[in-house]
Amino acid sequence: MNISKKYSIGLLAVVMLLASCNETTKKEKMKEENTAASEKTVETSLNEADFDTEIDGKPVKLYWLKNGDLQMAMTNYGGRIVGLWTPDKNGKMTDVIIGRRSTMAYVDGPESYFGATIGRVGNRIAKGKFKVEGKEYSVKPNNNANALHGGENGFQDKVWEANQSNDYTLVLQYTSPDGEEGFPGELDAKVTYSLIDEHTLKIDYEATTDKTTVVNLTNHAYFNLNGEGSGTILDHKMQIFAEEFTPVDEGLIPTGELRKVEGTPFDFTGPHTIGERIDANNEQLKFGGGYDHNFVLGSQRSDGMNQAAKVVGDKSGILMQVYTEEPGVQFYTGNFMASKNALKSGAKDDKRTAFCLETQHFPDAPNHPDFPSIELKPGDTYHTVTEYRFSTE
Ligand code: BGC
């Protein structure tokens with residue numbers, strides 16, 4: 001054996017030894033992680049019996065979804081996220097969704113949108129009136145003069161047929177009859193909530209119709225990344241990847257303009273705390289009582305989706321990133337929350353103790369031909385995906 005051969009065999013042995021050590025450390029680490037994962041239990045006051053009921057002759061239940069340390073409770077009443085737990089920077093499981101303790105609490109309101117699947121048309125339609133193929137339709141106004149979130153008995157009040165296909169997926173289906181809330185066509189909606197890995201909640205929306213109609217589905221989760229009931233969200237650090245937003249009138253109906261965010265309190269292209277400019281002397285903020293505006297996405301793309309937002313809870317270090325195929329996101333800072341609802345934690349829903357990032361087509365789209373269209377024709381399938389990705393920093 002010559003020297004160089006001896007040398008290479010020695011080197012190989014060292015490399016193999018190192019690799020096997022590395023393998024052992026990796027395995028140990030995985031074991032540690034698995035143990036840690038299985039040790040992380042969710043502390044919750046939620047009781048399945050408080051959700052078990054029947055509405056309109058249909059069964060309502062609480063469903064649990066789990067993927068590693070990401071866990072979620074949902075009810076098929078309104079297709080709602082009741083709670084969502086993810087580890088904070090110290091590994092403590094933290095419930096980042098505002099929710100209620102029973103089905104009846106959701107039914108009785110007064111806030112009907114907590115965590116709900118919203119449809120047929122998210123946000124406002126001016127005076128509830130719109131045209132499809134030249135014919136006028138009308139949804140009864142339920143928000144001053146305008147129709148909000150699909151009218152008085154929108155999808156948040158429906159019992160969805162639920163099918164839990166595995167530990168981490170819940171498929172919800174609802175058929176909205178022709179003419180329901182004034183919308184044309186029978187609409188078959190299917191929304192799949194899935195914890196696709198231990199960091200990501202994916203919501204996959206699908207719908208078909210038998211007559212040309214309008215559809216703009218979203219989810220109305222109220223987030224507090226420091227944990228439900230932990231105070232205001234004003235110190236959360238927010239970034240929204242939008243160069244423009246759609247300014248509104250006093251009734252929160254878009255004027256049709258796309259306005260640059262630059263130089264305004266709406267510029268979240270760099271990180272700002274939510275509270276930094278929320279009470280600034282600005283007409284748009286006055287109309288909304290804070291932020292309640294649609295931001296125009298598309299300036300930042302990733303994985304074929306628009307990166308909508310990146311937000312961090314100042315106390316928890318929980319980072320949430322929102323990705324969507326939708327062209328807009330409604331950033332709402334809970335300005336109308338008024339301490340009227342008792343939450344899971346026992347706290348009340350005090351003003352600005354949660355925020356929403358509702359991915360969507362723009363509000364009042366049917367009345368703005370320049371906005372991306374929300375029309376759906378028979379034979380076509382409405383399909384859109386939004387992901388909420390969680391980590392810590
Ligand atoms: C709207 C708010 C509204 C809230 C009701 C949000 O999507 O933008 O204006 O008050 O829903 O929960």
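What percentage of the 393 residues of the protein count as buried? The share is 45%, where buried means that 20 or more other C-beta atoms, placed from the backbone, lie within 10 Å of the residue's own.

This is a predicted model, so to speak of local features we need pLDDT of at least 70 and count side-chain atom pairs only at pLDDT 80 or more, while totals for chains, interfaces and linings use all residues. Residues are numbered from 1 along each chain as its sequence is written.

**View 1. The whole chain.** The protein has three helices and 29 strands; helices (H or I, at least four residues) and strands (E, at least two) are DSSP runs, numbered from the N terminus. Its C-alpha trace spans about 90 × 50 × 45 Å along the principal axes. Of the contacts between residues at least 6 apart in sequence, 67% join residues at least 24 apart, a contact being two C-beta atoms, placed from the backbone, within 7 Å.

View 2. The predictor's confidence in each residue, pLDDT, runs from 0 to 100. The mean for the protein is 91, and 90% of its residues reach 70 or more. Over residues 1-37, pLDDT stays under 50, and the model has three contacts beyond four places in sequence for them.

**View 3. The shell around the ligand.** Here you can find Tyr113, Asn123, Leu252, Asp292, Gln330, Tyr332, Phe336, Cys356 and Glu358, with the C-beta atom, placed from the backbone, within 6 Å as the test for being near. Strands β26 (328-332) and β27 (356-360) each give two or more residues to this shell. By class there are five nonpolar, two polar and two charged residues.

**View 4. Strand β13 and its partners.** The covered face of β13 (residues 169-176) holds Leu170, Leu172, Tyr174 and Ser176, and the uncovered face holds Thr169, Val171, Gln173 and Thr175. In a regular strand the side chains alternate between the two faces of the sheet. Strand β12 (residues 161-166) runs antiparallel to β13 with five bridges, pairing requiring at least two bridges found by DSSP. A hairpin of two residues links β12 to β13, and Glu161 has Gln173 as its bridge partner. With β14 (residues 187-197), β13 pairs in the antiparallel sense over eight bridges, and Thr169 stands opposite Ser194.

How values were computed:
Nonpolar A, V, L, I, M, F, W, Y, C, P; charged D, E, K, R; others polar. Buried ≥ 20, exposed ≤ 12 C-beta atoms within 10 Å, placed from the backbone.
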